[in-house]
Number of protein chains: 2
Amino acid sequence: MRAVEWNPAGPAVRVVDQRRLPASVEHRDLLSVQEVALGIADMTVRGAPTIGAVAAFGLALAAHASNASTLPLLWDDITRARLILQSSRPTAVNLVWALDRVTRRVIESRPTSVAAAKAALLTEAQRLADDEVARNQRIGRHGAALLADGDTVIHHCHTGGLAAVDYGTALGIIRTAHEQGKRVHVLVDETRPRLQGARLTAWELQQLGIAHEIITDSAAGHFLQRGEVQAVLVGADRVAANGDVANKVGTYMLALAAAANHVPFYSAFPTSTVDPECADGASVPIEERPADEVLHLSIDGQPIAPAGSRARNPAFDVTPHELITALVTEAGVHRPPFGPALLQATIEGRPA
Amino acid sequence: MRAVEWNPAGPAVRVVDQRRLPASVEHRDLLSVQEVALGIADMTVRGAPTIGAVAAFGLALAAHASNASTLPLLWDDITRARLILQSSRPTAVNLVWALDRVTRRVIESRPTSVAAAKAALLTEAQRLADDEVARNQRIGRHGAALLADGDTVIHHCHTGGLAAVDYGTALGIIRTAHEQGKRVHVLVDETRPRLQGARLTAWELQQLGIAHEIITDSAAGHFLQRGEVQAVLVGADRVAANGDVANKVGTYMLALAAAANHVPFYSAFPTSTVDPECADGASVPIEERPADEVLHLSIDGQPIAPAGSRARNPAFDVTPHELITALVTEAGVHRPPFGPALLQATIEGRPA
């Protein structure tokens, strides 16, 4: 099942509504670029590679809806759509990367008509989505070599198929190891406030038949300290040029606990997640989401705090590269020093 | 408002039902030693000093209910009650300490009749509860010196009046600083799975008019890393002789994040929380509570994970003394090396 597809009948960007899981698997058709941007912002769709692909299809949708009679007028509409999509969420760089790649490739193909440009945008969005899945499978193969039969791993947030178009990044590594016949046991960080671990990761692991137990994010340190964990695996939302990883809030504390207990800590992502323009993690914009996600349980809106309470809700944090054992991309397993090799892989991963 | 009191009308041990807050403040009368033990186990009452006092009143209740006609028969009933109370929760040592203290003092008072022994048990339970409050106020005065005007502090779990008979330990320090006119801003760890921070700490801070915001436990690292926090304050459920602190799960990861960012980390508790028989944290029994607390939101039972999911749920973890800047007891502020000074304070804190 793909997290995002083109629905020609709409036309629409058809997505799996990640807010409804695990209660039900529901598809939603996003019928305009505004609906696509809102679906990214309200986390109907989430996961860095998935929101990149959703944005790319959103651009194709905007082009389809355009009444432009000439190519320059079409590019005006596409540029407006880009601005709308680009501002939907600030931290994951894949969103900007996907919009850049699709736009650049269509320009380079020198379409000679409005119809040809519209068709090329859709083709490139589809190709981008397909490429992400192929990359995930390569990430899985590279990363699975890091896991041994019988390992217990801690996984934070959700990095499975729904987060990465299909197959998954960090969870794809666990999946590949499992498919290779290794017995892997997963301690699933529930991942407050939106519970992506308890809701999505546990659901995907259940579908795949991989042994797992859910833990609170705070309990990870206890299991690491007791020697019950052989590896920690997370994804990434934006990776700086020096290897600092911006990822779901809680990743940093998990990395500290892994390092303190000499347990290897891996972050897995396609090279589209690397931002060569961010020198280090301090320059990654960290989204602060609505306080309501903390004060109410987002799945049903039940309040958990006294009426009138306030909250702070950073959605991501930065894990300094010094705490990371290796980064895993489709190009391979990168060990410190990350900088040059990571940028080289990133350049290679970006077709001209 | 006291977390626990003797209700002569029952007679009963009257407690504030901490599971109902912040929705409502409800008192419950626990009418037998079995009800008292259950109230501790199901966390109607929680917080190390509070459960010590509740257990002490539970012993007085068992004595009151006894039909024993002689002192030896009464001690048989009291011994049975002790075993029931003692097994209600394993980690907080205050429970055993309170039962020991009350029993020993009554024995030492050499009661000459069953009635006199029953009366002495109640007197000693009341004295223990009163002593805890007096100690908390001393902890508050010692600890408040560690906070400066304008400080932002992170607080984990709940250590306020309800957790410590009255006034509070770590939260008592914040309260004292506030009463001294210092502006203290609290980032309240919500404290999964039972949300004692979001439910109880936020409620007490609201009552006291102390500025605060609720954060997920995972977000603490982000705020520490950004330099927005000047101190971290927690309580303790059992402190080993070397200063290792067993406390609510998540404390260890918080201490790691504080240490990594050179932010002082303080644990505050009455000396009744020190267990001289535990050489270090590894020998503290860590309670594993029901998986349902993680899989369902305990306040309303709403499921958050796929049906059939399993969970692990350690209620506490151990913070090695190396990560702790200072321990605060009623005897003062103890800095490393903790061992000898801490044991000396503990001995002084235990009247013969």
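The side chain of Asp29(A) reaches the side chain of Asn7(A) in a polar contact of 3.0 Å. Keep in mind as you look at it that this is a predicted model. A second polar contact, at 2.9 Å, joins the side chain of Asp29(A) to the side chain of Arg14(A). Here are the two pairs side by side:

| Side chain | Partner side chain | Polar contact distance |
|---|---|---|
| Asp29(A) | Asn7(A) | 3.0 Å |
| Asp29(A) | Arg14(A) | 2.9 Å |

Where does Asp29(A) sit in chain A? You will find Asp29(A) in strand S3, which covers residues 27–30 of chain A. Leaving aside residues up to four places away in sequence, Asp29(A) touches Asn7(A), Ala12(A), Val13(A), Arg14(A) and Glu35(A). Pro11(A) lies 18 residues from Asp29(A) along the chain, and the C-alpha atoms of the two are separated by 8.6 Å.

Now let us turn to the place where the two chains meet. The contact draws 59 residues from chain B and 59 residues from chain A. Of the residues in chain B, Ser218(B), Met253(B) and Arg312(B) lose the most area to chain A, together 16% of what that side buries. The size of an interface is often given as the accessible area lost when the parts come together. For chain B and chain A the buried area is about 4,500 Å², with 61% of it on carbon and sulfur atoms.

What links cross this interface? There are six salt bridges between chain B and chain A. One of them pairs Glu228(A) with Arg312(B), with the closest N and O atoms 3.7 Å apart. On the side of chain B that touches chain A, the elements giving two or more residues include helix H7 (196–208), strand S6 (212–215) and helix H9 (251–260) of chain B. The largest share, six residues, comes from H9(B). By type, that side of chain B has 35 nonpolar, 13 polar and 11 charged residues.

Finally, how do the copies relate? A rotation of 180° with 0.0 Å of shift along its axis superposes chain B on chain A, with an RMSD of 0.0 Å. The two copies are therefore related as by a two-fold rotation axis. The copies also meet through the same surface, because 100% of the interface residues of chain B are interface residues in chain A too.

Definitions and conventions:
Residues numbered from 1 in each chain as written. Chains lettered and ligands numbered in written order. Predicted model: local features only at pLDDT ≥ 70, side-chain atom pairs only at ≥ 80, totals over all residues. Heavy atoms only, no water. Contact = heavy atoms within 4.5 Å. Buried area = accessible area lost by both parts, 1.4 Å probe. Salt bridge = Lys/Arg side-chain N within 4 Å of Asp/Glu carboxyl O. Helix = DSSP H or I, 4+ residues; strand = E, 2+ residues; numbered from the N terminus. Nonpolar A, V, L, I, M, F, W, Y, C, P; charged D, E, K, R; others polar. Least-squares fit on C-alpha atoms with pLDDT ≥ 70 in both. Polar contact = N/O pair within 3.5 Å; in protein donor to acceptor, adjacent residues only side chain to side chain.
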